[in-house]
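Thanks for asking me to go through this model. Here are my notes, in the form of numbered points.

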Amino acid sequence: MNDAMIDVEGLRKSFGKKAAVQDVSFTVPGGTVLGLLGPNGAGKTTVINCLSTLLRPDAGRVTVAGHDVLRDPAGVRASIALTGQFAAVDQVLTGRQNLVLFGRLLRLSRREAGERATELLSRFDLLEAGDKAVKEYSGGMRRRLDLAAALVVPRPVLVLDEPTTGLDPRSRHALWRVVRDLRVSGTTVLLTTQYLEEADRLADAIVVIDKGRVIATGTPDELKDKVGTTMCEVRLDDDAARERALAVLRGQWTDATESDGAVVVPGGDARTLTEIVRRLADTGIEADNVALRRPTLDDVFFALTGRGAGAPGNPGEVARAVR
Amino acid sequence: MSVGAGPVPAAVLAEGGAASLLRQSALLAGRNLRVALSVPTVVGMVVSPLLFYFGFLAVFRKMFQAHGIDFGQYLPPAIVVMWATFTAVSAAVLLSRDRRGGMVARLRSMPVHGGAVVTARLASDGVRALISVCAVVAAAHLTGFRFATGPLGAVAFVLLALAFLLVLALGTGAAGLASSQPETVGSTLHMPAMPLLMLSTAFAPASSFPAWVRPVVELSPVSAVVDALRAVADGTGVAGAVLRACVWLAVLLVVFSRAATRAYRRAT
């Protein structure tokens, strides 16, 4: 056997008639970070729930640290620490009381649990707030406490379900730093996210899932090569103007697409953007807003699901064909 | 094989065994009680059942007297059973809230004994109910409620009331764990709770019901428990009534514990 700390093979899980995960396979080597990237409803949480023994897989094989989730669920639970999408800490208890509770549930003595709580509170910048009830915490503090609770007794595998959804940039960066530190200390991390940037910054490898299936696997660089590193976006609220702009820009950039009230040109830099504005001005089209931005998950999906530029199913194309 | 940082000896995190169950249940019950024993909720635990008691007593005492029933002796078991039912519903709401907040999922993904969450809930609700029952019995004593069976009868009365609460909370708890919408759980469980209480001997003797509904009243597990509580207090027909209540509770215990186990194993 290789040194895979998480091994998922042909995982399937349905709820009634609804197939949440149809066929997902991936491997996370020990000491690396895997980003599971996908939109809402892609099946990310279902994968995680199967992995952490919360759900029984319908088919496939899942092992964590060599323990099979069906044959040895207790072994899996002893090797894995999970933080879910909600900060699963008690709101009425203080931060410290929460950490002590989880420590003692994991068989630390009262003294050990207390010391560990202090250590974690200070590491997560919560020492001052440690004796306040969690309901007085901000969203970012709550998330940090949640992560601290998962680390009370270190385990070889850490699973984070959308750890930064809804967080402000500062808290997000603080969380990223913790994940990087954990990786350095040898912890294997699986994190789900809707943000390409997050997966890009943290993950050694990314698995993109959509509608319960893996649609791409690779390093962040491999994935971004498929999309381009930047996007030029021209926002045009008027439908007719947008149609014309798309036609004009396609003359030079054949992969230009229409998406959500804007014309998007993948790739390009500031010069491209200037060129776009000049061309539009020449044809008398006034853009509501132009921007150079990083690719979003939408763009990756556009690129990966083949619903990108010029392909059948592109809303712009369909509209023209009808006309 | 590499196990990464901070490998934990498997024995430290073994989750089975009665010792784990006891220790972890106690820890979680402590957490539940810390949440429940704030001043306003304690006032609720004591004041609300007393309001019901004195309210019913003020309104119906004379009417029952006219029918030859000593209402001060008749009413307390009914209030106790009603309050136990409400406590069981609130247990379900609290479990559902823990599920929605992710606490149940976190505990289920940890090497924590599978029975600890529900056991802790029952233990802490047992404490809550104990406070309420004692408050009702003490207040009722002031208005003429007596145990013909003496202190032993009083203890049996409280134990029986607690047993009823624990069994019922196991059933409602299963419903609570099955849903992550505490508000829905609360309103859904209150709906059958009221007719269950009304169609029993809690507030009126079986003979006062119309003939067609009387079999339901006589068969009701709520009636069995209320009748047993009254028998224990009055000292008449104790053995038969208590046996009947215990049979009912044993049957429900089997059904509800299966439901609760199943719901816990599926809660995400």
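1. Some ground rules before we start. This is a predicted model, in which local features need pLDDT of at least 70 and side-chain atom pairs count only at pLDDT 80 or more, while totals for chains, interfaces and linings use all residues. Residues are numbered from 1 along each chain as its sequence is written, with chains lettered from A and ligands numbered from 1 in the order in which they are written.

2. Chain A as a whole. You will find 12 helices and 14 strands in chain A; helices (H or I, at least four residues) and strands (E, at least two) are DSSP runs, numbered from the N terminus. Its C-alpha atoms fill a box of roughly 75 × 45 × 35 Å along the principal axes. Of the 323 residues of chain A, 48% count as buried. Here a residue is buried if 20 or more other C-beta atoms lie within 10 Å of its own, exposed if 12 or fewer, and partly exposed in between, with C-beta atoms placed from the backbone. Among contacts in chain A between residues at least 6 apart in sequence, 69% join residues at least 24 apart; a contact means that two C-beta atoms, placed from the backbone, lie within 7 Å.

3. The open sheet in chain A. Four strands run in the order S12-S13-S11-S14, with antiparallel pairing; two strands pair if DSSP finds at least two bridges between them. The edges are S12 (257-259) and S14 (289-293), each pairing on one side only. From one strand to the next the twist averages 25°. S12(A) and S13(A), residues 262-266, pair over 3 bridges, and A:Ser259 stands opposite A:Ala262. Helix H9 (residues 239-250) of chain A packs on the sheet, touching S11 (231-235), S12 and S13, and its direction makes about 20° with that of S13(A). For such angles, axes are lines fitted to C-alpha atoms, for helices over the stretch in contact, and angles run from 0 to 180 degrees between N-to-C directions.

4. Helix H3 of chain A. Why is H3(A) largely enclosed by the rest of the structure? Because 11 of its 11 residues are buried. Among them are A:Arg96, A:Asn98 and A:Arg104, which may interest you when you look at the side chains. The buried residues pack against H4 (110-123) and H5 (139-150) of chain A together with H1 of chain B. Just after H3(A), A:Arg107 takes a positive phi of about 75°.

5. A:Asp90, a residue worth a look. A:Asp90 sits in the loop between S6 (80-83) and H3 (95-105) of chain A. It is buried, with 22 other C-beta atoms within 10 Å. Leaving aside neighbours within four places in sequence, A:Asp90 is in contact with A:Asn98, A:Val134, B:Arg31, B:Val35 and B:Met103. A:Val134 is 44 residues from A:Asp90 in sequence, with a C-alpha to C-alpha distance of 7.0 Å.

6. A:Thr53, in the loop between H1 (44-51) and S4 (59-64) of chain A, has a positive phi of about 65° although it is not a glycine. A:Thr53 is buried, with 23 other C-beta atoms within 10 Å. A:Ala65 has a positive phi near 50° and lies in the loop between S4 and S5 (67-68) of chain A. A:Ala65 also counts as buried, with 24 C-beta neighbours inside 10 Å.

7. Where the chains meet. The contact takes 28 residues from chain B and 35 residues from chain A. On the side of chain B, the elements that give two or more residues are H1 (18-36) and H4 (103-109). The residues of that side divide into 15 nonpolar, 8 polar and 5 charged. In this count Ala, Val, Leu, Ile, Met, Phe, Trp, Tyr, Cys and Pro are nonpolar, Asp, Glu, Lys and Arg charged, and the others, Gly among them, polar.

8. A helix pair in chain B. H2 (residues 39-66) and H3 (residues 71-100) of chain B pack at an angle of about 145°, with their axes 10 Å apart. Residues that meet there include B:Phe52 and B:Phe56 in H2(B), and B:Leu75 and B:Trp83 in H3(B). By class, this contact has 13 nonpolar, 2 polar and 1 charged residues.
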